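Visitor: Please show me the structure, and then I will ask about it.

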Amino acid sequence: MQSFDLGKEGLRALNSALHALKGQTNMTAWEVVNPKGAHAIAAGVDAPVDITVRGSTGYYCAGMNKQATIRIKGSAGPGVAENMMSGTVIIDGDASQYAGATGCGGLLVIKGNASSRCGISMKGIDIVVHGNIGHMSAFMAQSGNLVVLGNAGEALGDSLYEARLFVRGSVKSLGADCIEKEMRPEHYAILEDLLRRGEAEGKAKPEEFRRYGSARKLYNFNIDNASAY
Amino acid sequence: MCGIVGLFLKDPKLEPKLGAMLTDMLITMTDRGPDSAGIAIYSGAKDGLGKITVQSAEPEKDFKDLDGDLHDAIGQPVTILVKSSHAVLEVPLGQMDAARSALAHLRPAVKVMSAGDSIEIFKEVGLPKDVAARFEVSKMQGTHGIGHTRMATESAVTTMGAHPFSTGSDQCLVHNGSLSNHNGVRRELKRLGMTFETENDTEVAAAFISHKLQEGEPLGQALEATLTDLDGFFTFVVGTKNGFGVVRDPIACKPAVMAETDDFVAFGTEYRALVNLPGIETARVWEPEPATVYFWER
């Protein structure tokens, strides 16, 4: 276990050490203590390592993550796991706005609540939120799965492309072009897998969720609307 | 950008440390707002006396014999405590208006930062640590206080453009964001008799709330009205003699974190600002909801 005291050694030293890990490494277990809400902790990691952050983080923790498993034993500030490519990020507490934004792959698990714009413009990431999500979540989401065990705020999935949104609780309102869709066998299978990998297996069952997706009416300009512009 | 910190103490034992705690919080927000910094401290009322905090670009000249000159003008004793470019004048409560009009004649270049029973505001251009040191904020005691670090967007980097803004007795407001309809609201408020010192958007929000409070609305309702009448991005933190309020606009792009324990309620633009508070490890920490008013009163 490599233990790193962020208060003493500083962020640059931590991220340089993590960036130096390429391909296979013997230093697979890392612990970061005294994060104290610092920004960009473990951003840009590209190695199959396991990093545990003991406390709450500021902006962009685990941003651009590739391969690594990053656990936050606290809450995360804005933009956690932004543009993640692969790997896993697990937050024990809450996540602030735009968690998992633009994520291309990997799995983001938020055990508390996520605030506004969770999964905005997601491009293939899977996000599992044990609590609630705030307004404008999955805005312009393109692909991937967003699973919410609690409730969703206003304008869920506004201007959505092809991401799948699964919500167990209430949805305050759906955004433009987002509609409820039928649950088919493949969707139960996706949920079963994500609930298991998202450490939410005992908390919810696939059949308790409803699915939301794109009505695909904004894909092309409708000439009948020309007079509206 | 901009950084906001706020602290409302529930445990009187912490009151001697209010200034020190707020100074520490303020300095952590330096990279959100290195242009100017300011702090409003509610340090408690003295029987029968009010406080006017004033600022001057030429303190040696303007503050010299100011207590005596005011005494002569209003016929009542006035004390002065000079702190760098600011001074706190203690005036009998019944003479506050008289003292302010006398001040405008005696020292036309002096600006009033705040007036009231309990409030003192200190703000200047410069790094938060330098501003806090200049006014010895860490030595101040009080019941609640609000600090701000500014990265200017809407108007110039000047002392008067720094936050907090005070537009009513014992009231103050700080703001992270920018308002888009402030010119229209300012015109309307001027028509209703409010006066303005700057072209700043935040001063309009402060005056908007002060006007509501003057009309007899409670703090919660005044904050609620900002959601319908002010357009733009905002997280506001507001102080009154007994209260402390928070409201975010419905889009809520501007970050905010709150923490509450049995001993205090704290606000920070980022969690970093709260990490050294006593008992933060076990505090209830949450992100205030958009378009939701929070306030605490003692």
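Visitor: Among contacts in chain B between residues at least 6 apart in sequence, what share joins residues at least 24 apart?

Guide: This is a predicted model, in which local features need pLDDT of at least 70 and side-chain atom pairs count only at pLDDT 80 or more, while totals for chains, interfaces and linings use all residues. Residues are numbered from 1 along each chain as its sequence is written, and chains are lettered from A and ligands numbered from 1 in the order in which they are written. Two residues are in contact if their C-beta atoms, placed from the backbone, lie within 7 Å. For chain B, with contacts between residues at least 6 apart in sequence, the share joining residues at least 24 apart is 72%.

Visitor: What share of the residues of chain B is buried?

Guide: A residue is buried if 20 or more other C-beta atoms, placed from the backbone, lie within 10 Å of its own. Of the 298 residues in chain B, the buried share is 50%.

Visitor: What box do the C-alpha atoms of chain B fill?

Guide: The box is taken along the principal axes. Its dimensions are roughly 55 × 45 × 35 Å.

Visitor: How many residues does chain B give to its contact with chain A?

Guide: Chain A supplies 13 residues to this contact. The number from chain B is 9.

Visitor: How far apart do the C-alpha centres of domain 1 and domain 2 of chain A lie?

Guide: Domain bounds come from an automatic or database domain assignment. Here domain 1 of chain A is 1–96 and domain 2 is 106–218. The distance between their C-alpha centres is 25 Å.

Definitions and conventions
Buried ≥ 20, exposed ≤ 12 C-beta atoms within 10 Å, placed from the backbone.
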